[in-house]
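Let's take a guided walk through this fold, section by section. Keep the sequence and the 3D view open side by side as we go.

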Amino acid sequence: MAKRKVPQYAFEQFWAVRRCYGLDFSPEGAFVAYVTDISGQLNLWKQPVDGGYPLQLTVFDDQAVRSFAWRRQGDFLFSADFQGNELYQIYRLPPSGVVPERLTDRDDVRHEFGRDNLSKDGRLLAYAANANKPTDMDVFVRDLKTGETRCLTKGGGVFFPNRLSPDNRFLVFTRFNNTLDTDLFLCDLRNGELMHLTPHEGYALYFASDWLPDGSGFLVVTDEGREFKGLAAYRLKGRDMDWLETPEWDVEEAALSLDGRLLAWTVNEEGISRLYLRDLKRRRSLPTPSLPDGLIGGLRFSPDGSKLAFYFETAIHPEELFVWDLRAKRLTQLTRNFLGNIPEEHMVKPKLIRYKSFDGRSIPAWAFIPQGASNAKKVPVVISPHGGPEWQERPWYSATYQFLLNRSVAVLAPNFRGSTGYGKTYQRLIWRDWGGDELRDIEHAALWLQKQAWVDKERIAIFGGSFGGFATLSAVTRLPQYWRCGVDFCGPSNLITFLQTVPPFWKHFTKQLVGDPDEDREFLLSRSPITYVDNVRCPLLVLQGANDPRVVKAESDQMVERLRGRGVPVEYVVFDDEGHGLTKRVNMLKAARLISDFLLRHLKS
């Protein structure tokens with residue numbers, strides 16, 4: 001029997017989505033808190049753990065809540081920035097959620113912390129800040145009772161705090177050497193003594209997780225001596241690690257119950273999250289909820305260990321917050337983030353494909369193919385290179401993808417060389433090669449599409465943001481023969497000016513990852529889209545946040561100016577109250593409408 005034709009749904013239905021992230025239980029475990037944009041901006045909310053209506057705690061409009069922690073005393077600590085400037089400030093919010101008290105007083109300083117940087121008793125808060133020197137991120141500890149603040153590091157690097165030991169004696173923190181190499185340090189808060197825990201050769205990542213209840217050590221996710229990240233327990237006494245899990249994919253995250261009895265962790269298997277639970281005391285695996293293929297994150301046990309909260313999403317449903325009751329084996333969905341009233345069977349699940357690149361390397365990609373696409377009904381395609389570039393395209397919900405699919409436009413989202421999730425050798429291939437072999441991977445994605453019977457070969461577009469925006473600009477300037485149109489969202493156009501204007505503390509890494517604007521000037525110019533602007537044949541849409549600290553507005557300005565000087569059709573939209581990405585819902589909808597209309601206008605006309 002032939003499938004019934006899927007009706008066309010309104011743009012607004014696909015975008016009737018509420019974002020949420022962050023997760024923490026109340027001290028007694030009756031509520032969970034999270035950040036959501038139900039109000040139109042990213043604010044802090046709480047909700048009963050068994051369901052019920054959420055309650056708004058902050059009422060920001062121009063500020064966005066970025067991280068938070070729920071103290072044992074009942075109040076909240078959270079960070080927020082202004083109009084996307086990423087100069088995060090730290091606040092304390094009373095349990096009633098009235099007016100927050102600002103704890104940091106430097107508008108020019110970036111302060112970063114997470115829920116796990118708060119001590120178990122709620123007295124100490126560890127955070128990172130570039131208060132001493134703009135190019136360094138140092139670790140500070142603040143006594144929330146006395147207000148005393150101490151700096152634990154001595155500069156010269158980028159440091160971020162991890163966990164405070166159960167007795168508040170030790171703090172683990174991370175030094176980021178580059179995107180494939182970190183180190184763990186231990187600070188004895190009694191005397192300030194620093195201990196380097198992870199001396200190693202070559203590249204290795206170490207991410208500290210929960211402390212063992214007796215303070216003898218902590219969990220660590222690491223790829224030391226391995227291609228993929230595994231899970232281990234680091235023991236302070238012997239200064240060594242015991243491997244707990246060593247899959248041939250990356251362990252993404254792990255969580256330990258407060259009593260140390262229960263362990264939860266996820267593994268990223270080819271972009272799909274797999275959840276595992278274990279009773280460490282009885283040494284046996286525990287049942288996990290039955291979930292379709294998707295993404296799991298934010299693992300958090302309730303204070304008594306009876307419940308596990310996490311986020312879950314698929315390509316046809318946005319991220320939702322769930323609570324798994326381990327005793328009752330019952331899964332409760334707390335949020336209702338999709339309000340568009342579109343049946344899931346009318347949306348498109350992607351297929352994982354692989355295509356050969358110029359050197360024979362197999363490149364994984366997610367292919368979203370609309371219903372009815374065939375040799376008799378060829379469809380246009382949008383290639384969507386991801387940001388990062390050391391990031392991974394995964395089967396999560398994209399309102400833009402699903403809207404285009406509903407209008408019979410396919411999407412191909414490749415994980416070109418440099419992507420994460422496929423081992424550190426694959427990830428490192430992008431180092432000092434921006435606009436190099438990964439661009440050839442994108443070209444071979446276009447060539448693969450041209451061989452597919454269901455593809456309209458004359459109607460292929462490219463669209464990306466951040467590094468994906470750079471990849472888009474590289475493609476339309478250096479591979480102009482493939483594209484009907486292109487969309488760039490805050491992508492660098494000139495690698496020299498980009499490197500000169502990145503956030504100061506990024507400069508510890510950029511020479512190794514991208515290049516040096518002085519020493520590598522000619523090489524960087526040869527890889528910059530602005531150098532090849534005279535080759536552009538297709539119309540472009542360029543979007544940019546005016547307050548973007550990562551890819552400053554001048555990157556888009558110079559590209560647009562050169563294109564307009566040549567008479568190339570280019571639409572340019574600047575969001576005056578946004579940074580790198582969009583936080584306000586009204587701006588997200590405007591940008592999504594502009595992108596969708598632009599692509600459909602050029603691909604379907």
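Is Ser408 buried or exposed? With a relative accessible area of 15%, Ser408 is buried, where buried means under 20% relative accessible area, exposed over 50% and partly exposed in between (1.4 Å probe, protein chains only).

## About the model

This is a predicted model, in which local features need pLDDT of at least 70 and side-chain atom pairs count only at pLDDT 80 or more, while totals for chains, interfaces and linings use all residues. Residues are numbered from 1 along each chain as its sequence is written, and side-chain values use heavy atoms, with hydrogens and water left out.

## The eight-stranded sheet

Let's begin with an open sheet of eight strands, ordered E29-E30-E32-E31-E33-E34-E35-E36 and mixed in its pairing. Strands (E, at least two residues) and helices (H or I, at least four) are DSSP runs, numbered from the N terminus, and two strands pair if DSSP finds at least two bridges between them. Strand E29 (351-356) and strand E36 (570-575) are the edge strands; each has a single partner strand, so one side of each is left without a neighbour in the sheet. On average, neighbouring strands here are turned by 20° against each other, direction ignored.

For a closer look at one pairing, take strand E34 (residues 485-489) and strand E35 (residues 540-545), which run parallel and are joined by four bridges. Asp488 has Val542 in E35 as its bridge partner.

## Helices on the sheet

Helix H2 (residues 399-406) touches strand E30 (362-368), strand E31 (379-383), strand E32 (410-414) and strand E33 (455-465), with contact meaning heavy atoms within 4.5 Å. The direction of H2 makes about 145° with that of E32; such angles run from 0 to 180 degrees between N-to-C directions, and axes are lines fitted to C-alpha atoms, for helices over the stretch in contact. Helix H9 (residues 553-566) also packs on the sheet, where H9 touches E34, E35 and E36 and its direction makes about 155° with that of E36.

How many of the eight residues of H2 are buried? The count is eight of eight, from Ala399, Thr400 and Tyr401 through Gln402, Phe403 and Leu404 to Leu405 and Asn406. Their cover includes helix H1 (11-14), E30, E31, E32, E33 and helix H10 (585-604).

## Where H4 meets H5

Helix H4 (residues 437-450) and helix H5 (residues 467-478) pack with their axes 10 Å apart, at an angle of about 70°. H4 and H5 are therefore roughly perpendicular to each other, a label for angles of 65 to 115 degrees. From H4, the residues Glu438, Leu439 and Ile442 meet Phe467, Phe470, Ala471, Ser474, Ala475 and Arg478 of H5. Six residues of this contact are nonpolar, one is polar and two are charged.

## Nonpolar cores

In soluble globular proteins, nonpolar side chains tend to be buried together. Here, the largest nonpolar core has 62 residues; a core is a set of buried Ala, Val, Leu, Ile, Met, Phe, Trp, Tyr and Cys residues joined through side-chain atoms within 4.5 Å. Ile383, Leu412, Trp434, Leu449, Trp454, Trp483 and Leu563 have the most contacts inside this core. Leaving aside residues up to four places away in sequence, Ile383 touches a list of residues that includes Leu412, Ile442, Leu449, Ile460 and Trp483.

Apart from this core lies another, of 44 residues, with Phe11, Val17, Phe463 and Leu603 among them.

## Loops and a hairpin

Back to Ser408: this residue lies in the loop between H2 and E32 and has a positive phi of about 65° although it is not a glycine. Arg432, in the loop between helix H3 (424-428) and H4, likewise has a positive phi, of about 50°, and is partly exposed at 32% relative accessibility.

Ser374 sits in the loop between E30 and E31 and is partly exposed too, at 28%. Ser374 touches Ala453 and Trp454, not counting residues up to four places away in sequence. In the loop between E31 and H2 you will find Pro389, and the peptide bond from Gly388 to Pro389 is cis, with omega near 0°.

Finally, strand E19 (residues 230-235) and strand E20 (residues 240-245) pair in the antiparallel sense over five bridges, with Ala232 opposite Trp243 in E20. E19 and E20 form a hairpin with four residues between them, and Arg239 in the turn has a positive phi of about 50°.

Technical notes
Angles under 35 degrees count as roughly parallel, over 145 as roughly antiparallel, 65 to 115 as roughly perpendicular and the rest as oblique. Ala, Val, Leu, Ile, Met, Phe, Trp, Tyr, Cys and Pro count as nonpolar, Asp, Glu, Lys and Arg as charged, and the others, Gly among them, as polar.
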